[in-house]
Amino acid sequence: MAEVDVQSITTPVTILYCDACGMPPEYCEYSPDFETHCLPWLKKAHPDLLARLHGGRSSNNNNDDDNDNNNNAGPTAPWTTKERLIAFYTKYQPDKLDGIDGILEKYAGKEDKLFTALVKKYGPEPEDPFYLGSDSDDDDSDDGGVNEQLEGMDLGGGNKKKRRGAAAKKVNKVDTRVIVQKISRNRKKAVTHVVGLDTAPGIKLKEASKAFSKRFAGSSSVKDKEIIIQGELGVDGDHLEEVAEMIVTKFGVSGDAVFLDLDGEFVSYA
C-alpha cells in the first residue's frame with residue numbers, strides 16, 4: 001500500500017463573512033453601511049481583525065472625545081477608478097466583484113463611457129467620501145449653484161474640489177446615451193429594448209417605434225420611455241445589431257453614444 005504524504009494534504013479554508021453586509025471583512029469598507037453596521041460588528045466580534053485591516057480606526061472610535069478633529073478630517077484623496085468600480089458593484093451587483101480587474105482591463109482608456117453606461121442602467125454612482133465635504137465649504141450654495149458658477153470660471157488657483165463621474169455631469173444639456181438590450185422571454189424567444197432614445201435631439205419615441213415595427217415586420221411599443229421591439233409571429237425578437245445600426249443610420253445618433261448590453265457588459269457600437 002502506497003504511503004500518503006501528509007504534508008501534501010490541504011485542509012478546507014474557512015471564509016469569514018460579515019454579519020452586517022454579507023461580504024468578507026476585507027470588502028466591508030466599500031459597503032454603504034460600513035460605519036453604521038459593519039464597523040460595530042467587527043469591533044465587537046473580531047477586534048484583532050479590525051485592527052489589522054483598518055489600523056487605528058478602532059482606537060479612534062473608542063476615544064471619540066479626544067479625536068474629534070482626526071475623525072472630521074475625512075479622506076485625503078479621492079477614490080481610484082478601481083475603488084469607484086468596487087463601490088458601484090458593491091451597491092448594485094455584488095456578484096460581479098470578482099470580475100473587477102477584467103472589466104478595468106477591457107475598458108482601459110474608456111472609463112468615462114463605462115461609468116456613464118453603468119449609471120444609465122443601474123442608477124447614481126455612490127458618492128466618494130472625499131467629495132462629501134466640498135458641498136459644505138460654502139454655506140449658501142447648492143449643487144445647482146456650484147455647477148452654474150463653474151461654467152466659464154478659471155479654477156486654476158481655487159480650492160474647490162472638482163467632481164468626477166455622474167455628479168460632474170449635472171449640466172443643463174442632456175448627453176445622448178442609447179442602450180440596446182436583449183430581454184429573454186419564455187426561454188426560447190427574446191425582445192429588444194431600446195433605452196435612452198429620448199435623449200437624442202429631435203426624435204419622438206412613438207414615431208421611432210413605428211419605424212422599428214415597419215423595419216422588423218413585428219410589433220413595437222413605447223413603455224416608460226423605452227421602446228420594446230418584438231419579432232413577427234414565431235420569430236425571435238433579438239435584433240441588437242440591426243437596431244443599433246438603424247439608430248445610427250436612420251435617426252442620426254452617433255455610434256459613440258450607442259451601447260450594446262452583452263450579458264451585462266456595455267460595448268460601444270462605434
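Here are some notes on this predicted model, point by point.

1. **Ground rules.** Because this is a predicted model, local features need pLDDT of at least 70 and side-chain atom pairs count only at pLDDT 80 or more, while totals for chains, interfaces and linings use all residues. Residues are numbered from 1 along each chain as its sequence is written, and side-chain values use heavy atoms, with hydrogens and water left out.

2. **The overall picture.** The protein has 11 helices and 6 strands; these are DSSP runs numbered from the N terminus, with helices being H or I of at least four residues and strands being E of at least two. Of its 270 residues, 35% are buried. Buried means under 20% relative accessible area, exposed means over 50%, and partly exposed is in between (1.4 Å probe, protein chains only).

3. **Surface and contacts.** Accessible areas here come from the Shrake-Rupley method with a 1.4 Å probe, and for residues only the protein chains shown count as cover. Take the contacts (heavy atoms within 4.5 Å) with a separation of 6 or more: 54% of them are between residues 24 or more positions apart.

4. The arc is taken from the directions from the helix axis to the C-beta atoms.

5. In helix 11 (residues 240-249), the buried residues are L240, V243, A244, M246 and I247. They sit on the same side of the helix because they cover an arc of only 160° around the axis.

6. The structure holds 4 salt bridges, each being a side-chain nitrogen of Lys or Arg within 4 Å of a carboxyl oxygen of Asp or Glu. One of them joins K82 and D101, with the closest N and O atoms 3.1 Å apart. K82 is in helix 5 (residues 81-92) and D101 in helix 6 (residues 100-106), so the bridge ties together parts 19 residues apart in sequence. K82 is partly exposed, at 38% relative accessibility. R84 pairs with E125 at 2.8 Å between the closest N and O atoms. R84 is in helix 5 and E125 in the loop between helix 7 and helix 8 (129-132), so this pair ties together parts 41 residues apart. Both R84 and E125 are buried.

7. K121 and D261 meet in a salt bridge (3.0 Å, N to O). The pair links helix 7 to strand 5 (residues 258-262), 140 residues apart. K121 is partly exposed at 32%, whereas D261 is buried at 11%. Also in helix 7 (residues 111-122) is T116, which is buried at 15% relative accessibility. A polar atom of the T116 side chain lies 2.8 Å from the backbone oxygen of D112.

8. **A nonpolar patch.** V13, I15 and Y17 make a nonpolar surface patch of about 330 Å². Patch residues have over 30% relative accessible area and no salt bridge; like charges are joined within 9 Å, and nonpolar side chains (Val, Leu, Ile, Met, Phe, Trp, Tyr) within 5 Å. Y17 is in the segment before helix 1 (34-45) and is partly exposed, at 45%.

Technical notes
A polar contact is a pair of N or O atoms within 3.5 Å; within protein, one must be able to donate a hydrogen and the other to accept it, and residues adjacent in sequence count only if both atoms are side-chain atoms.
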